[in-house]
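Here are some notes on the model, jotted down point by point. Have the structure open while you go through them.

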Amino acid sequence: IVYHIVGCQEQLLVSDLRNLTSITSLTGDKIRISVKEDGIYLNDKAKIISGDNIKRNGIIHFIDNILFPSDYQNQTVPRAARQQNITEAAKSYGYTIFSKLLEDANLLAMVNDPLHKSFTMLWPTDEAFKSLPQERQMWLYHEEHRDKLAAYLKFHMIRQMKVRAVNLPLIAEMRTMYGATIRIQCSK
């Protein structure tokens, strides 16, 4: 369902869509836009059959087909995967560095402690960590800096909230496990 929603835009009227080649859904996946003789199509499969239905909280464009991200077609989530904790799930998606750092900073017990449920993780990708300057990586990963590493990691954990990505920009501010307040907003 979330793949059918585009957020963080003032308005996306049909006239706007005609000038775009793609938009990004709330899942983070691209939706391709193509203009054909008989109308505007999304991912070359779903035609906009009634557009510009402006409502109080957004615009609805009715389409004649269901959209599926290309990565998810013919894919099912095994029951065992739904039972994983967050570190197991992240590792299964290939995000291993943050998991390892949680372990190194002795934060796994806190992550798994029912006292801290629910929380939301802002989980940096392995590429994000690898993009840090080598000097910063060495400093961050050094044993003498485990307390500072723990503080950095706690800044990526939203306490007492289970927030879906689609709702992040709607929340005025959130408190991290580090104790800092953060705000998330859409970029222009």
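1. Let's start with K47, which pairs with D38 in a salt bridge, the closest N and O atoms lying 3.9 Å apart. The term here means a side-chain nitrogen of Lys or Arg within 4 Å of a carboxyl oxygen of Asp or Glu. D38 is partly exposed, at a relative accessible area of 44%. On that scale, buried is under 20% relative accessible area, exposed is over 50%, and partly exposed is in between (1.4 Å probe, protein chains only).

2. A word on provenance: this is a predicted model, where local features need pLDDT of at least 70, side-chain atom pairs count only at pLDDT 80 or more, and totals for chains, interfaces and linings use all residues. Residues are numbered from 1 along each chain as its sequence is written, and side-chain values use heavy atoms, with hydrogens and water left out.

3. How many salt bridges does the structure hold? There are five. One of them joins R32 to D44, with 3.7 Å between the closest N and O atoms. R32 sits in strand β2 (residues 30-36) and D44 in the loop between β3 (39-42) and β4 (46-55), so this pair ties together parts 12 residues apart in sequence. Strands here are DSSP runs of E, at least two residues long, numbered from the N terminus. Both ends are partly exposed: R32 has a relative accessible area of 45%, and D44 comes in at 42%.

4. K148 and D147 also meet through their side chains in a salt bridge, at 3.9 Å from N to O. K148 is partly exposed at 38% relative accessibility, whereas D147 counts as exposed at 51%.

5. On the greasy side, I49, I60 and F62 make a nonpolar surface patch of about 280 Å². Patch members have over 30% relative accessible area and no salt bridge, with nonpolar side chains (Val, Leu, Ile, Met, Phe, Trp, Tyr) joined within 5 Å and like charges within 9 Å. The areas are Shrake-Rupley values with a 1.4 Å probe, and for residues only the protein chains shown count as cover. F62 belongs to strand β5 (residues 58-63) and is partly exposed, at 42% relative accessibility.

6. Last one: is T176 buried or exposed? T176 is buried, at 0% relative accessibility, and lies in the loop between β8 (174-175) and β9 (181-182). Leaving aside residues up to four places away in sequence, T176 touches K154, F155, M157, I158, R159 and I182; contact means heavy atoms within 4.5 Å.

Definitions and conventions: Helix = DSSP H or I, 4+ residues; strand = E, 2+ residues; numbered from the N terminus.
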